[in-house]
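I opened this entry to keep track of what I looked up, going from the overall fold to a single residue. The structure comes first, and my notes follow below.

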Amino acid sequence: MGAPTLDSLDLQIMQALQLDGRAPFSRIAAVLGVSDQTIARRYRRLRSTVNVRVLGMTDENRLGRQSWLVRMHCTPDVAEQLADALAKRPDTLYVNLISGGTEIVCGMKPRSRKERDELLFDRLQRTRQIVTVTAHCLLHSFYGGPLGRLNKANALTPDQEAALRLPPPVSPDTPVTLDATDKALLAMVRRDGRATLTDLQKATDQSESAVKRRLETLLSTGVLYFDVQYDHGPLGQDVGAMLWLTVAPHALAEVGRSLAAHPEVHFASATTGQANIVVSVHFRSPDELYTYLSEKIGALSGIQAVESALILRQVKQLNYEPHR
């Protein structure tokens, strides 16, 4: 069977869910001018054909925590086994196999310095098949988090976007502290961002009104945001790559803003290390990657070096393990 095809309504629904992952089908239907039943039917089909999932994500910066990108070069015989083990860890966001299957790139969100040090200085260092480990702290996000690839889909009109977009969060003056109920709620929506209020009540032992208030608070402070995960192939994004850019310090902000505007860019962040910007991009073919590197990246002032690597297999995608 060929790859499933998506029409304009499918893309509109996906972009609507990126803007508000828990938007009722009735509100999406009203904005798009179709019936509730049509939205529900299309959503079920998207889940089964392109593996669409809405996930509730946590912005670690709002909690006063750091996010890290870890690169591991290892012997070929252990790469897949190690990647699968990392994917099962709750503190990993994504896990990719790159560079001929001998390098793993892993996004991490350790909840404490102790957890970070245990992994980087103890477990990974004692794994003999790992040749080198480098860890890079993400310093400033240019694109990513609540801004996903679907925000650049242009499937919705500006008026439709405005009708569906949640109010922007207000940055708290101090890091947000989570209690046990908040943690249980976040754990539930991390598995299913559209979990019913009944399921959320059972998970938290709270009333429906209390659950609603908690969700509103987590969203309004930016601690919680929603991301839509899906198989990239049907959207013409079969070729994924990671880029590491070495940029002159005075050009960091300008290069970052330019990258954020590129439709090919899913994620871009300033990071520690010699290569001080990391980027995730998707294309239809290697030729398109070449054109992007030579024309768009090549046109940016201040870039001193570029390292690129194709993503051979995505083992884990933002807390969700895709079908193999």
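**The barrel**

I began with the sheet and found that eight strands close into a barrel, in the order β2-β4-β3-β10-β7-β9-β8-β5, with antiparallel pairing. On average, neighbouring strands of this sheet are turned by 35° against each other, direction ignored. For my own record, two strands pair if DSSP finds at least two bridges between them, while helices (H or I, at least four residues) and strands (E, at least two) are DSSP runs numbered from the N terminus. Axes are lines fitted to C-alpha atoms, for helices over the stretch in contact, and angles run from 0 to 180 degrees between N-to-C directions.

I must keep in mind that this is a predicted model, in which local features need pLDDT of at least 70 and side-chain atom pairs count only at pLDDT 80 or more, whereas totals for chains, interfaces and linings use all residues. Residues are numbered from 1 along each chain as its sequence is written, and side-chain values use heavy atoms, with hydrogens and water left out.

I then looked at β7 (residues 239-247) and β10 (residues 303-316), which run antiparallel and are joined by seven bridges. In this pair, W244 stands opposite E307 in β10. Helix α10 (residues 252-261) packs on the sheet, where it touches β5 (130-143), β7, β8 (265-271), β9 (277-283) and β10; contact here means heavy atoms within 4.5 Å. The direction of α10 makes about 85° with that of β5. Helix α11 (residues 286-297) lies across β7, β8, β9 and β10, and runs at about 150° to β10.

**The whole protein**

I noted eleven helices and ten strands in the protein. Its C-alpha atoms fill a box of roughly 50 × 45 × 45 Å along the principal axes. Buried residues, meaning those under 20% relative accessible area with a 1.4 Å probe and protein chains only, make up 51% of the 324 residues. Among contacts with a separation of 6 or more, 77% come from residues 24 or more positions apart.

**A glycine in a loop**

Is G222 buried or exposed? I found G222 in the loop between α9 (208-220) and β6 (224-229), and G222 counts as buried because its relative accessibility is 8%. Leaving out residues up to four places away in sequence, G222 touches D59, R62 and P169. I also noted that G222 and M57 are 165 residues apart in sequence and 10.0 Å apart in space, C-alpha to C-alpha.

Terms used. Buried means under 20% relative accessible area, exposed over 50%, partly exposed in between (1.4 Å probe, protein chains only).
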